[in-house]
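Reader: I am new to this structure. Please take one part and go through its surroundings closely.

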Amino acid sequence: MHEIPLLRDLVILIAVAIPVVVLMHRFKVPTLVGFLITGALIGPSALGLIARLEEVRTLAEIGAVLLLFAIGLELSLSRVVKLGSVVLKAGAGQLFLTTGIFALAALPFGIGGAKAVLFGLLIALSSTAIILKVYADRGELDGAPGRVVVAILLFQDLCVVPMMLLLPFLAGENSGIADIVRGIGVTFAVTAGILVIGRRVVPWLLARIVALRDSELFTLCVLAIGLGSAYATAAFGLSLALGAFLAGLLISESDYGLQALSDILPFRDTFSGIFFTSVGMLLDMRYVAQHLAAILGLAVAILVIKSLVGYFVVRFVRRSQRVGVVAGISIAQAGEFSFVLAGAALSLGLLTSTDYQLFLGAAVVSMLVAPFAVNAAPAIADWIFQFRAMPTMEFATREVRAAAPLDSHTIIVGYGLNGRNVARALRRSQITYAIIEANGQIVREARLGRENVFFGDGTRGEILNRVGIKRAKILVLCLSSVSDERRAVAVARQISPTIHIIARTRKVEEIAELHRLGADEVVPEEFETSIEIFSRVLRKYGTQREKIREAADVARSDHYELLRTRGVTNTPVDHTLGRSGHPPAEAQGSTS
């Protein structure tokens with residue numbers, strides 16, 4: 001029987017990855033960690049199930065191309081513009097400061113200037129895949145730490161392309177000024193050509209394909225654009241991954257970017273798994289065993305220094321100390337693009353195999369630690385500041401100290417969509433309120449609208465005291481972060497046992513915990529949406545408004561237990577409500 005080596009390697013890779021990923025899922029560890037461990041186990045220097053490094057590198061390159069293509073599809077330039085100065089200040093500050101620190105630290109070890117800069121660039125990048133996965137699972141991408149972390153990651157992702165363009169010049173491939181100018185000209189000409197032509201051709205082509213109403217043809221066309229762009233850049237001596245990234249960016253800005261992303265995501269998940277597994281396979285376990293101290297030392301240096309740099313950068317963009325600690329820890333690991341750059345630098349001769357293995361080992365260790373560190377970051381921040389009597393931000397004290405005396409007022413923590421709607425309703429009802437918001441840009445915009453808003457961390461007792469929580473009647477928590485919501489409820493209840501606390505949550509399982517911590521009312525977005533839906537359905541059937549209102553009140557009674565029943569009944573609305581407006585015993589059912 002004729003054996004196909006690449007197919008055999010793929011079968012082995014997937015077969016070993018399945019139990020490892022299942023184990024990672026059981027312990028709530030990101031699957032990327034499982035792929036890295038899988039690669040280390042089956043690689044040439046461990047069990048040797050896959051022994052041909054050339055095929056491993058081929059798999060890694062295919063995975064990198066599709067990974068960058070998918071990242072380009074997910075990266076929205078409009079989102080970058082929306083985050084505005086935070087992307088530029090925080091992102092650029094983190095990237096250049098980290099690169100400079102590690103480049104200078106490498107010089108005393110006899111590492112040349114070009115290689116030192118390369119080491120700094122490799123370490124400066126963070127793992128978009130790991131961080132966003134953890135934050136998304138916790139529902140905290142829109143929280144204060146999540147927003148600034150996303151801004152930094154966006155800047156890093158945008159800088160991958162110029163970093164890749166910089167590598168040949170760091171490697172000294174161009175000997176003369178003319179060669180350097182020619183290389184820069186070719187690079188920018190190819191990049192500009194793809195972007196300019198693509199902005200006209202890609203939307204036109206996709207519109208014609210969509211008109212045919214063939215989903216398979218649409219997916220095939222999207223893949224053809226991505227791979228074709230990758231081939232075009234490679235034909236001019238540039239990176240395959242660069243072309244794929246540019247193609248993804250072009251499609252994402254078209255009207256069909258969302259559909260393209262949904263079609264490519266299964267490929268992205270599969271090939272990103274192959275990419276990270278191949279990275280693990282490239283790790284020389286014998287080298288790791290012989291130089292374990294050096295690898296661990298570099299990994300610790302990466303985690304500590306990047307955490308500190310992240311903290312100071314976040315403080316520079318006027319975020320709280322707690323947000324600075326959480327965000328700094330979150331971006332402390334090496335990133336997936338670091339491996340792409342390191343592989344390209346190795347092929348250019350800018351890194352030796354020893355340098356490559358040292359960085360690879362430290363980067364893998366930092367990524368293995370990352371999910372646990374990111375999850376523990378809020379608790380670490382609380383531990384650091386628990387003995388401090390000062391507010392979370394020094395200038396927060398200056399902002400809040402000017403608050404006018406308030407009494408029987410409402411305090412709104414968080415000025416997102418929900419917070420703005422609450423404030424608007426209170427203003428129309430002529431009820432006094434005060435807003436606490438930790439995002440300086442939002443505070444400035446709210447003040448232009450003459451809102452009574454104060455800059456500070458609403459989960460801190462000192463800030464709540466400054467806006468008169470002991471004299472307030474109601475506290476409304478409109479926070480995106482689950483951990484921040486819990487902390488704010490506990491702190492507020494400890495300071496003021498009598499204040500009425502209303503909290504919203506996106507997760508049903510948080511209802512009981514928030515009530516236990518002291519919330520009087522918890523509004524789960526999912527259940528409130530279902531109430532609105534069934535209310536509109538009943539109106540279409542001519543049900544009286546009073547009956548609909550009573551049905552909604554019943555649904556909200558007992559912490560939404562009626563909506564959580566497993567069984568389905570056909571009990572009429574009148575009977576369900578009963579005479580007292582509460583559901584009779586037989587309509588309760590078993591709860592989950």
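Predicted model: local features only at pLDDT ≥ 70, side-chain atom pairs only at ≥ 80, totals over all residues.

Author: A polar contact is a pair of N or O atoms within 3.5 Å; within protein, one of them must be able to donate a hydrogen and the other to accept it. Q156 sits in helix 8, which covers residues 144-170. The side chains of Q156 and Q94 are joined by a polar contact of 2.8 Å. A polar atom of the Q156 side chain also lies 3.2 Å from the backbone oxygen of A124. Once the neighbours within four places in sequence are set aside, the residues in contact with Q156 are Q94, A124, L125 and S126.

Next comes accessibility. Q156 has a relative accessible area of 1%, and buried means under 20%, so Q156 counts as buried.

Q430 is exposed because its relative accessibility is 75%, and exposed means over 50%. Q430 lies in the loop between helix 19 (417-428) and strand 2 (433-437). The phi angle of Q430 is near 60°, which is a positive value in a residue other than glycine.

R450 is exposed too, with a relative accessible area of 80%. Its place is the loop that runs between helix 20 (440-448) and strand 3 (453-455). The phi of R450 is positive, near 65°, and R450 is likewise a residue other than glycine.

How values were computed:
Residues numbered from 1 in each chain as written. Heavy atoms only, no water. Helix = DSSP H or I, 4+ residues; strand = E, 2+ residues; numbered from the N terminus. Buried < 20%, exposed > 50% of the residue type's maximum accessible area, 1.4 Å probe, protein only. Contact = heavy atoms within 4.5 Å.
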